[in-house]
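Hi,

Here is the structure I promised to pass on. Have a look at it first, and my notes on what turned up follow below.

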Amino acid sequence: MESNKDEALRCLSIAQKHFDAGNASSARKFCQKSISLFETPQALKLLASINAAPESSSSAPQGAATSSAAEEHISSSGTKQRHSAASSSSSKPKANGTAGGMGGEKREYTAEQHTVVKRVRACKVTDYYDILGLQKDCEEADIKRAYRKLALALHPDKNGAPGADEAFKLVSKAFQVLSDPQKRSIYDQSGSDPESRFSGMASPSNGFATSPFAGNTFEGELSPEDLFNMFFGGSGAFGPGFGGGPVFTATFGPGGFRTTRMGGRAHAANATANDTRSIFIQLLPLLILFGFSLLSALPSLFSTPPVPDPRYSFSVSSRYNVERYTEGLGIRYFVDGTEFSKHPVIGAELAREKSKNTKGRQGPALSKFEGSVERAYTQELYLQCQRGVDRKERRKEAEIGLFGIGTDWEKVRKIEREVVESCEELKRLGVLKN
């Protein structure tokens with residue numbers, strides 16, 4: 001953790017001094033403590049140098065009496081053991097237990113220290129008050145006092161119990177949050193780490209203070225009606241809405257998204273009038289477009305739908321058995337006699353022509369109908385003519401071959417003289433020129 005970096009660098013400096021003095025055992029101890037607090041490349045490099053260097057025979061100054069000096073050696077299991085040259089009655093009392101450190105080093109601890117570690121590690125990682133053993137309404141001085149006491153009890157230099165390092169980190173994190181008034185306020189409301197981006201509340205460091213909702217409170221849950229008014233005639237945390245409605249204030253809190261509505265009856269009445277006028281202005285282009293569409297559709301609404309033309313065929317059949325010829329090009333076609341005579345427009349013209357004995361003078365509806373018959377007939381002939389001409393050209397090119405070598409030119413001229421009946425019919429009708 002960053003909060004332990006200074007202490008780690010201090011231990012690294014002490015380790016370097018011991019190593020320079022030839023005391024590899026003490027140098028290794030402080031180097032491992034530095035790595036456990038905050039791992040740095042310098043500490044790892046120094047530890048590698050210490051492990052590679054030969055162990056000094058003794059860290060005691062020369063000239064001391066060997067009968068009273070304490071020898072230090074490392075057993076086969078890597079455990080440090082101190083043997084006194086004096087009688088066993090003068091040795092120090094043993095601790096209640098040992099814990100393994102980095103590199104196989106054993107660290108001593110007492111039962112009380114182990115109890116403190118277990119209590120801290122049993123807490124939730126974000127239950128900062130419980131970690132420090134405080135109540136939520138504690139003072140700032142209580143926080144500092146509790147942290148100082150736990151830090152001394154859990155510091156890796158003092159406590160070698162299993163999990164002491166993790167417990168020390170939890171205490172440091174709890175103090176880091178609760179000692180900052182802003183972070184503590186956010187934590188009291190959200191109950192989660194204010195520095196985490198997944199926290200229920202954003203901290204000032206991630207841009208919350210610059211958001212449009214900063215500094216506001218909520219006094220009631222935002223209903224769907226309020227949300228609608230915020231965007232269509234009311235207002236929100238951004239100030240007056242589109243229609244100048246009542247004012248809302250908004251923010252995020254532990255109770256959810258909440259809002260406060262301000263404004264009296266006169267303000268609400270004025271907002272209603274402004275809302276109606278604003279909505280009308282927004283809908284005016286749509287109303288105008290709808291009006292023009294309605295006006296353009298009026299003639300078709302009041303006019304009678306057109307009557308379809310009678311059906312016909314260019315070949316005789318059991319249904320189309322009445323033969324007729326168009327007046328313009330004289331094209332023969334066949335119709336259903338009953339359907340043709342009962343057509344509401346053409347049938348009326350035929351009946352009028354028969355009663356007045358004006359044969360040869362067609363009505364406009366019949367002339368229009370026969371014009372469509374002539375167009376359909378000539379278009380079909382034109383397509384057949386094109387296909388026939390294309391077939392002739394392909395046969396002619398196949399007969400000539402490449403460069404005309406060995407071509408039967410008499411056969412080629414015979415193909416050229418072939419007649420395409422559809423083309424000849426178009427020429428007879430005057431649609432194609434000779």
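Helices (H or I, at least four residues) and strands (E, at least two) are DSSP runs here, numbered from the N terminus. On that basis the protein has 15 helices and 9 strands. It is a predicted model, so local features need pLDDT of at least 70 and side-chain atom pairs count only at pLDDT 80 or more, while totals for chains, interfaces and linings use all residues. Residues are numbered from 1 along each chain as its sequence is written, and side-chain values use heavy atoms, with hydrogens and water left out.

Two overall figures to begin with. Of the 434 residues, 30% are buried (under 20% relative accessible area; exposed is over 50%, partly exposed in between, with a 1.4 Å probe and protein chains only). Taking contacts (heavy atoms within 4.5 Å) with a separation of 6 or more, 50% are between residues 24 or more positions apart.

Now the helix pairs. Two packed helices are described by the angle between their axes and the distance between the axes. The axes are lines fitted to C-alpha atoms, for helices over the stretch in contact, and angles run from 0 to 180 degrees between N-to-C directions. Angles under 35 degrees count as roughly parallel, over 145 as roughly antiparallel, 65 to 115 as roughly perpendicular and the rest as oblique.

Start with α1 (residues 5-20) and α3 (residues 41-52): their angle is about 25 degrees and their axes are 11 Å apart, which makes α1 roughly parallel to α3. The crossing of α1 past α3 is left-handed (the near helix is turned anticlockwise from the far one by less than a right angle; clockwise would be right-handed). Leu12, Ala15, Gln16 and Phe19 of α1 make the contact with Gln42, Ala43, Leu46, Ser49 and Ile50 of α3. By class that gives 6 nonpolar, 3 polar and no charged residues (Ala, Val, Leu, Ile, Met, Phe, Trp, Tyr, Cys and Pro count as nonpolar, Asp, Glu, Lys and Arg as charged, and the others, Gly among them, as polar).

Next, α13 (residues 364-400), which has two partners to look at. With α15 (residues 421-429) the angle is about 135 degrees and the axes are 7 Å apart, so α13 is oblique to α15. This crossing is left-handed. The contact of α13 with α15 divides into 8 nonpolar, 3 polar and 1 charged residues.

With α14 (residues 409-417), α13 packs at about 175 degrees, axes 10 Å apart, and the two are therefore roughly antiparallel. Here Lys392, Arg395, Lys396, Glu399 and Ile400 of α13 meet Trp409, Lys411, Val412, Ile415 and Glu416 of α14. That contact has 4 nonpolar, no polar and 6 charged residues.

Last, α8 (residues 181-190) and its surroundings. Its buried residues are Arg184, Ile186 and Tyr187. Seen down the axis of α8, they fall within an arc of 165 degrees, so they line one face of the helix (the arc is that of the directions from the helix axis to the C-beta atoms). Pro181 and Gln182 are exposed, on the face turned away from the buried side. The cover over the buried residues of α8 includes α5 (128-132), α6 (140-154) and α7 (164-178).

Phe175 sits in α7 and is partly exposed, at 21% relative accessible area. Leaving aside neighbours within four places in sequence, Phe175 touches Leu132, Ile143, Lys144 and Tyr147.

Cheers
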